[in-house]
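This report is meant for someone meeting the structure for the first time.

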Amino acid sequence: MKHPFSSYRKLFPILDHTIQLSSCSQSALSLPVRRAIDEYLEVWLKRGADWGYWMEQVALARAEFARMIHAQPDDIAVLGSVSDAASSIASALHFEADRREIVTTTLDFPSICHVWLAQAPRGAQMRFVQAEAGSTDTTERIAGALDAQTALVSVSHACFYDGQRVDIAATGREARRHGAIQFVDAYQSAGAITIDVEAQAVDILAAGAQKYLLGIPGIAFLYVRPTLARRLTPTVTGWFGRVDPFAFDPAGLDFAAGAARFNTGTPPMMCANVARASMALLNEIGIPAIEDYLGQLSAVALEEAVRLGLVVASPADAAAKGANTAIRVPDAARIEARMLEAGYVVSARNDVIRIAPHFYNTAEDVTGALRALAGLIR
Ligand SMILES: Cc1ncc(COP(=O)(O)O)c(C=O)c1O
């Protein structure tokens, strides 16, 4: 299979000696990202402190994320993690007697479920839709669980465990039909799967930089549809949520227009340097082309796993999953360590090893990892 992005491989020096296939956890370090960190350190070293430069880097990161999801930079807040983003949103919700349910699935990332569960003292009631590893009907199950009681539906665009995809346009439409808000956790899709917040009827979407966005933890982006942002007043806040963060008025609590009202304290500036560089690379290549290629790698992974007799936890259809192919293994943590010794960075979760390539990986990277894994299991 031809690798359409082979010229980019040299930007990822780790690939000279180790095959990194762990984008569901941490993608490979690229030279543009390393330069962005160096630049941040250089500015610090030479100029001491440069708020203008720092704010510019945050603005550039927001603009790259906005471009990637077909939004405007003003629709994006910058926070420290996806959990923080969910907490900020939760703090702005009211759970009235006739509309108090938060709907999510049993396969959503636990941290986000915990944020919603923590709203119980404020009147929220959780409704967990049962989702099975490898299944392809989670979208219908979520849609079927929404009704006039639903305040918020929280959906993983791609699942952290088995990579299964949810059709967020379908769940978004259903949410709107019932007057509910849809929150999309795009941490496992941003950078690998096309997102169009307009076309997909997304109200709120959050993603961090560490996984398919090719960056590091410490920064997350929160999209809030402008007409919705205007109606929401967070009770988790800070000076960067103000109309003018530099007004320094301790007694004046105004909320910035749009998503900026969900900002809290000083944004993670060094992480913003990283994220603007890593997302610029992804946007240059284009997410649709990356998604198409990762779909081909998924098909290769599924075919090879079946040929090797491995037990696949992910959906059997490449179109129903993101880049991650999860293989059931005994003692996943030990196998992850053994795979590293064999030259492959993969990611253990509970009872699976996740093989999660990005655009810089080849079909041979994927089949080689699966063969090494099969050898270790035997
Ligand atoms: C789908 C998904 N959502 C949320 C998180 C947690 O994000 P954070 O640590 O930024 O809160 C993760 C982390 O792996 C994840 O995979």
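Gln119 is buried in this predicted model, because its relative accessible area is 8% and residues under 20% are counted as buried. The residue is found in the loop between α4, which covers residues 110-117, and β4, which covers residues 125-129. Its side chain is joined to the side chain of Arg122 by a polar contact of 2.7 Å. When residues up to four places away in sequence are set aside, Gln119 touches Ala90, Phe95 and Ala124.

Helix α4 also holds Trp116, and this residue counts as buried with a relative accessibility of 1%. Beyond the residues up to four places away in sequence, Trp116 touches Ala86, Ala90, Ile102, Met126, Leu152, Ser154 and Phe183. As for Leu29, which is 87 residues from Trp116 along the chain, the C-alpha atoms of the two residues are separated by 33 Å.

Helix α3, formed by residues 82-92, contains Ser88, which counts as buried at 1% relative accessibility. Apart from neighbours within four places in sequence, Ser88 is in contact with Leu79, Pro234, Val236, Phe262 and Thr264.

Most residues other than glycine have a negative phi. Ala201, in the loop between β6 (181-185) and β7 (204-208), has a phi near 55°, which is a positive value in a residue other than glycine. Leu214, found in the loop between β7 and β8 (220-224), likewise has a positive value, with phi near 70°. Both are buried, Ala201 at 8% relative accessibility and Leu214 with a relative accessible area of 2%.

The model also includes a ligand, and the residues that surround it are Ser81, Val82, Ser83, Phe109, Ile112, Phe160, Asp185, Tyr187, Gln188 and Lys211. Sorted by class, this shell has 5 nonpolar, 3 polar and 2 charged residues.

| Residue | Distance to a ligand oxygen atom |
|---|---|
| Ser83 | 2.5 Å |
| Gln188 | 2.9 Å |
| Lys211 | 3.0 Å |

On its own, the ligand has 410 Å² of accessible area, and the protein covers 85% of this.

Turning to the chain as a whole, how many helices and strands does the chain have? There are 11 helices and 12 strands. The radius of gyration of the chain is 21 Å, close to the 21 Å that the globule rule gives for 378 residues, so the chain is as compact as a globular protein of that length. Taken along the principal axes, the box that the C-alpha atoms fill is roughly 65 × 55 × 35 Å.

Of the 378 residues in the chain, 58% are buried. Among contacts with a separation of 6 or more, 72% are between residues 24 or more positions apart. The chain exposes about 15,200 Å², of which carbon and sulfur atoms supply 54%.

Key: Residues are numbered from 1 along each chain as its sequence is written. This is a predicted model: local features need pLDDT of at least 70, side-chain atom pairs count only at pLDDT 80 or more; totals for chains, interfaces and linings use all residues. Side-chain values use heavy atoms; hydrogens and water are left out. Helices (H or I, at least four residues) and strands (E, at least two) are DSSP runs, numbered from the N terminus. Buried means under 20% relative accessible area, exposed over 50%, partly exposed in between (1.4 Å probe, protein chains only). A polar contact is a pair of N or O atoms within 3.5 Å; within protein, one must be able to donate a hydrogen and the other to accept it, and residues adjacent in sequence count only if both atoms are side-chain atoms. Contact means heavy atoms within 4.5 Å. A residue is near a molecule or strand if one of its heavy atoms lies within 4 Å of it. Accessible areas come from the Shrake-Rupley method with a 1.4 Å probe; for residues, only the protein chains shown count as cover. Ala, Val, Leu, Ile, Met, Phe, Trp, Tyr, Cys and Pro count as nonpolar, Asp, Glu, Lys and Arg as charged, and the others, Gly among them, as polar. The radius of gyration is taken over C-alpha atoms; the globule rule is 2.2 Å times the number of residues to the power 0.38.
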